[in-house]
Amino acid sequence: MAPRGPRSPAAPPAPARGPCLLLLFCLRLGAACPPACQCPEHAGAVAVHCSARGLQEVPGGIPADAVLLKLDANRIARIPDGAFQNLPQLRELDLSHNAVETIGPAAFSGLAGGLRLLDLSHNRIRRIPRDALGQLSAKIRLAHNPLHCECALQEALWELTLDPDSVDEIACHTAAREEFVGRPLIQVLDSGASFCSAHHKTTDVVMLVTMFGWFTMVITYVVYYVRHNQEDARRHLEYLKSLPSAPLPKDAVSPAP
């Protein structure tokens, strides 16, 4: 048998890169995702799912490249100013089935240009936050909120783009006029009713009463001024009459030669 030559050193085994890369990918996603939420990525778009997590406020740590944020079915009661200001790519925001009552005037700052859908249905909103929603071009869902139907609500709705699929479910929980309570808002407005008519009439009456009050004050002052001057003139005349008349000098009454 021929002698064996010296063995060549064996090449080191290639490291198993697949599991490591997967672990690093999961760690990166975990670091960029709020606790108790899931942040799947598809075709470079990040969706953040925080539904039914018992959240009482908008969580921090939401990825800046998120395009979908689901916060529905939680216990969020307040949306503070700037809650979503670092999410410029957000297209859909779901806040339905919460306990939202208060929305800051700048709660949705930074979303005006990109947001396409805002779901605020099934909350506790009584009055539309005009400053917060008026700047958005997104379709807005407001169904199943205890809205108070009044002039301010009607004027606010003129500035919003309501989602046509849910607009029929917006109803008056309370109203300035009792006959509108419980009726769908769009049905009331389509019937020709206006929540602002009574408001404008009340304003006109207040203005009329105010103007009448000012007019009465002016007339009273003029009458007082005239009577006061007449009294002064009468007293002055009586004073002049009470003065003794001085006799005329003789040379003033003697005839000229």
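**Exercise 1. Determine how Cys-37 and Cys-50 are linked, and which parts of the chain they join.**

Step 1. The sulfur atoms of Cys-37 and Cys-50 lie 2.1 Å apart, and a disulfide is assigned to a pair of cysteine sulfur atoms within 2.5 Å. Cys-37 and Cys-50 therefore form a disulfide. In general, such a link is a covalent bond between the sulfur atoms of two cysteines.

Step 2. The angle about the S-S bond of Cys-37 and Cys-50 is 120 degrees, and the link is right-handed.

Step 3. Cys-37 sits in the loop between helix 1 (17-31) and strand 1 (41-42), and Cys-50 in the loop between strand 2 (45-49) and strand 3 (66-70), so parts 13 residues apart in sequence are tied together. Helices (H or I, at least four residues) and strands (E, at least two) are DSSP runs, numbered from the N terminus.

Step 4. Both Cys-37 and Cys-50 are buried. Buried means under 20% relative accessible area, exposed over 50%, and partly exposed in between (1.4 Å probe, protein chains only).

The model is predicted: local features need pLDDT of at least 70, side-chain atom pairs count only at pLDDT 80 or more, and totals for chains, interfaces and linings use all residues. Residues are numbered from 1 along each chain as its sequence is written, and side-chain values use heavy atoms, with hydrogens and water left out.

**Exercise 2. Describe the disulfide of Cys-149 and Cys-172, and that of Cys-151 and Cys-196.**

Step 1. In the disulfide of Cys-149 and Cys-172, the sulfur atoms are 2.0 Å apart. With -95 degrees about the S-S bond, this link is left-handed. Cys-149 belongs to strand 9 and Cys-172 to strand 11 (residues 172-175), so the pair ties together parts 23 residues apart in sequence.

Step 2. Cys-149 has 0% relative accessibility and therefore counts as buried; Cys-172, at 2%, is likewise buried.

Step 3. Cys-151 is joined to Cys-196 with an S to S distance of 2.2 Å. The torsion about their S-S bond is about 95 degrees, so this disulfide is right-handed. Cys-151 in helix 3 (residues 151-157) and Cys-196 in helix 5 are 45 residues apart, and the pair links distant parts of the chain. Cys-151 and Cys-196 are both buried.

Step 4. A search of the whole structure finds four disulfides. Counting bonded cysteines along the chain gives the pattern 1-3, 2-4, 5-7, 6-8.

**Exercise 3. Characterize the surroundings of Leu-147.**

Step 1. Leu-147 is placed in strand 9 (residues 147-149). Its relative accessibility is 2%, so Leu-147 counts as buried.

Step 2. A contact requires heavy atoms within 4.5 Å. Leaving aside residues up to four places away in sequence, Leu-147 touches several residues, including Ile-125, Ile-128, Leu-142, Leu-153 and Cys-172.

Step 3. Arg-126 is 21 residues from Leu-147 in sequence, yet the C-alpha to C-alpha distance is 4.1 Å.
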